[in-house]
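Biologist: I have the file open and a few things to ask. Can we go through it chain by chain?

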Amino acid sequence: MVPIGRNLKIKAARAEKDMTQKALAEAVGISRQTMNAIEQGEFNPTIRLCRAICRVLGKSLDELFGEENEDD
Amino acid sequence: MTKNAKKNNLDEMQEQKMLKLEECGFWILFFALAAAILVQLLMGGTIRQIAGEAIVLLIGSAFYAFSSLRNGLWTRNAVPTRKGNVSAAIIAALLVGVLNMVKLLKKPDAGTNDILIAAAFVAAAFVICYIVLELFRFVYQNRRAKLDDVDEKTEG
């Protein structure tokens, strides 16, 4: 499996919305452990979860999960 | 139990971890059960004595094998080949051979007849295992082709 890098875009988008990891996790219906794993690049979420995160943060898939994130 | 007993409380990462743990649990139970049967047979246990464990192992194995075939799956790391099936059948025959050898060594009055019967068991194990695996390979290939064909039609 191709390793995924840390996703700093989610963290930045969260900060824009003044949301904690816990608040975002609750909004998309996952645990904080999972949210943290996504941000740390330790868990590769399904497209359904990616879209839910994008919807809550008001961003597009490309903005949060675009390829440039892999180099971060 | 609460009203929401059937609701899945796990998110997708927890679900994946749970599946991984369940998979590990399955294989531990599978090999422990197989080892328990082997040890009992090596210690002189009869078919009647190991019947319970053997039935459980057979039911579990049959479910796993047929479910995998129905979904067009073989193993993660290998594709079915005749050579691979011959190798697996040889391993099964060797296992039966070792079991029979231990039984013969324990039998002080073992004669040519006993050796011939043991050899017949080894040969039968090889032939049955090979035929079953080849049958599985045939079913797998047909099922795989059918599933891939459906996907292609849906795509168009």
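Biologist: What share of the contacts in chain B with a separation of 6 or more comes from residues 24 or more positions apart?

Modeller: Such residues account for 65% of those contacts in chain B. Two residues are in contact if their C-beta atoms, placed from the backbone, lie within 7 Å.

Biologist: Before more numbers, what am I looking at, and how is it labelled?

Modeller: This is a predicted model, where local features need pLDDT of at least 70 and side-chain atom pairs count only at pLDDT 80 or more, while totals for chains, interfaces and linings use all residues. Residues are numbered from 1 along each chain as its sequence is written, and chains are lettered from A and ligands numbered from 1 in the order in which they are written.

Biologist: OK. How many helices and strands in chain B?

Modeller: Chain B has four helices and zero strands, in the order α-α-α-α from the N terminus. Helices (H or I, at least four residues) and strands (E, at least two) are DSSP runs, numbered from the N terminus.

Biologist: What radius of gyration does chain B have?

Modeller: Chain B has 21 Å, whereas a compact globule of 156 residues would be near 15 Å. The radius is taken over C-alpha atoms, and the globule rule is 2.2 Å times the number of residues to the power 0.38. Along the principal axes, the C-alpha atoms of chain B fill a box of roughly 65 × 45 × 20 Å.

Biologist: And what percentage of chain B counts as buried?

Modeller: Of its 156 residues, 4% count as buried. A residue is buried if 20 or more other C-beta atoms lie within 10 Å of its own, exposed if 12 or fewer, and partly exposed in between, with C-beta atoms placed from the backbone.

Biologist: Which domains is chain B divided into?

Modeller: Domain 1 covers 14-70 and domain 2 covers 79-156, with bounds that come from an automatic or database domain assignment. The C-alpha centres of the two domains of chain B lie 17 Å apart. Their contact takes six residues from domain 1 and seven residues from domain 2.

Biologist: Which element gives the most on the domain 1 side?

Modeller: H2(B), with three residues. The elements of that side giving two or more residues are helix H1 (12-42) and helix H2 (47-70) of chain B. By class, the domain 1 side has four nonpolar, one polar and one charged residues. Ala, Val, Leu, Ile, Met, Phe, Trp, Tyr, Cys and Pro count as nonpolar, Asp, Glu, Lys and Arg as charged, and the others, Gly among them, as polar.

Biologist: Switching to chain A. How many helices there?

Modeller: Chain A has five helices and zero strands. Of the 72 residues of chain A, 22% count as buried.

Biologist: At what angle do H2 and H3 of chain A pack?

Modeller: Helix H2 (residues 21-28) and helix H3 (residues 32-40) of chain A pack at about 110°, with their axes 8 Å apart. Axes are lines fitted to C-alpha atoms, for helices over the stretch in contact, and angles run from 0 to 180 degrees between N-to-C directions. So H2(A) is roughly perpendicular to H3(A), a label for angles of 65 to 115 degrees; under 35 counts as roughly parallel, over 145 as roughly antiparallel and the rest as oblique.

Biologist: Which residues of H2(A) make that contact?

Modeller: A:Gln21, A:Lys22, A:Leu24 and A:Ala25, against A:Arg32, A:Thr34, A:Met35 and A:Asn36 of H3(A).

Biologist: Last one. How many residues does each chain give to the contact of A with B?

Modeller: Chain B gives four residues and chain A gives nine residues.
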